[in-house]
Amino acid sequence: MKRTSPLLFAIAIAGQPPMAQELPKDVERLDAYSIDWNNPQYPETAKAYFAQGEVQVRQDFLDDGTPRGEASIFSSSNSPELDEKALELVRKARLQPSGKQAGSDAKKYVLVVSFNRDSITNIAKKTCAELIEDVGFHKSAHAGQPLTKMRLYEMTLGLFYFAGKRDVASTVKLAKSMPAAFDKTVEACGPNPAGLFLDQLREKLKQAE
């Protein structure tokens, strides 16, 4: 039987299922590009309204690594600028040759392009003001989705998991406390824009104990 890691178990309990759209069986998924906030490739027009997220682009490639046909959006970030930049990157992409004899049939791929404002290296300095900006984009781009669908939520859940005891009981407790604590953190950050996001979240998790 395949075992699920405690972290994935925690994510499942916390109501954060994988966000990737299910692929047809004949399509392979590749993590192609990860563009961070300070990368020149990150569209300034998208940063202006704090857009971030994942774009999945469909593109076929021949055995020699060259693309065939037109790239198209398989799953949108709900930011036109991010989607267009992802298409631009994939149109220029070349895969490593397969080593097979070149043929007329192309293999089908979905290339994933991620645009990320946060990372493990900078999240400790993330301010409440930045959190409110992120929440604003999430609500406008993904209307009706809970905040637990944000990449930031999954990242902080993982951060606290790896910093904690990591036994089953502690993992379950963290997973059950996180959704409400995250929502309360957003509320507390509103009137405290200069505060640090993680400080507020730690306080709300402690109050839930």
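User: Hi! What is the strand order in the open sheet?

Analyst: Hello! The sheet has four strands in the order β1-β4-β2-β3, and the pairing is mixed. Keep in mind that this is a predicted model.

User: Which strands sit at the edges?

Analyst: Those are β1 (27-36) and β3 (67-75), each of which pairs on one side only.

User: And how are neighbouring strands turned against each other?

Analyst: On average by 25°, with direction ignored.

User: Let's look at β2. What does it pair with, and in which sense?

Analyst: Strand β2, residues 53-61, pairs with β3 in the antiparallel sense over five bridges. β2 also pairs with β4, again antiparallel, over nine bridges.

User: Is β2 largely enclosed or open, and why?

Analyst: β2 is largely enclosed by the rest of the structure, because seven of its nine residues are buried.

User: Which helix lies across the sheet strands?

Analyst: That is α3, residues 80-91, which lies across β1, β2, β3 and β4 (107-116). Its direction is at about 35° to β2.

User: How far does α3 reach?

Analyst: Its twelve residues reach 16 Å from the first C-alpha to the last, close to the 16 Å expected at 1.5 Å a residue.

User: Which of its residues are buried, and what covers them?

Analyst: The buried residues of α3 are Leu82, Asp83, Lys85, Ala86, Leu87, Leu89 and Val90. Their cover includes β1, β2, β3 and β4, along with α2 (44-47).

User: Changing topic: what about α4?

Analyst: Helix α4 spans residues 128-141, so 14 residues, and reaches 20 Å between its end C-alphas, close to the 20 Å expected at 1.5 Å a residue. Its buried residues are Cys128, Leu131, Asp134, Val135, Phe137, His138 and Ala141. Among what covers them are α5, α6 and α7.

User: What does Thr156 touch?

Analyst: Beyond its neighbours within four places in sequence, Thr156 is in contact with Ile123, Met178, Phe182, Phe197, Leu198 and Leu201.

User: Tell me about Phe197, then. Where is it, and is it buried or exposed?

Analyst: Phe197 lies in helix α7, and it is buried, with a relative accessible area of 0%. Leaving aside neighbours within four places in sequence, its contacts include Thr156, Cys128, Leu131, Leu152 and Thr185. The C-alpha atoms of Phe197 and Val186 are 8.5 Å apart, with the two residues eleven apart along the chain.

User: Last one: how much space is in the second largest pocket, and what lines it?

Analyst: It holds about 390 Å³ of space. Of the 14 lining residues, the closest to the centre are Phe160, Gly164, Ser170, Leu174 and Glu209. The elements giving two or more residues to the lining are α5 (151-163), α6 (168-189) and α7 (197-208).

User: Which of those gives the largest share?

Analyst: That is α6, with five residues.

Conventions. Residues numbered from 1 in each chain as written. Predicted model: local features only at pLDDT ≥ 70, side-chain atom pairs only at ≥ 80, totals over all residues. Heavy atoms only, no water. Pairing = 2+ DSSP bridges. Axes fitted to C-alpha atoms, helices over the stretch in contact; angles between N-to-C directions. Contact = heavy atoms within 4.5 Å. Buried < 20%, exposed > 50% of the residue type's maximum accessible area, 1.4 Å probe, protein only. 1 Å grid on protein atoms, 1.4 Å probe; cavity = no way out; pocket = protein on both sides within 12 Å on 5 of 7 lines; lining within 4 Å. Points joined across faces, edges and corners; volume = space filled by probe spheres on them.
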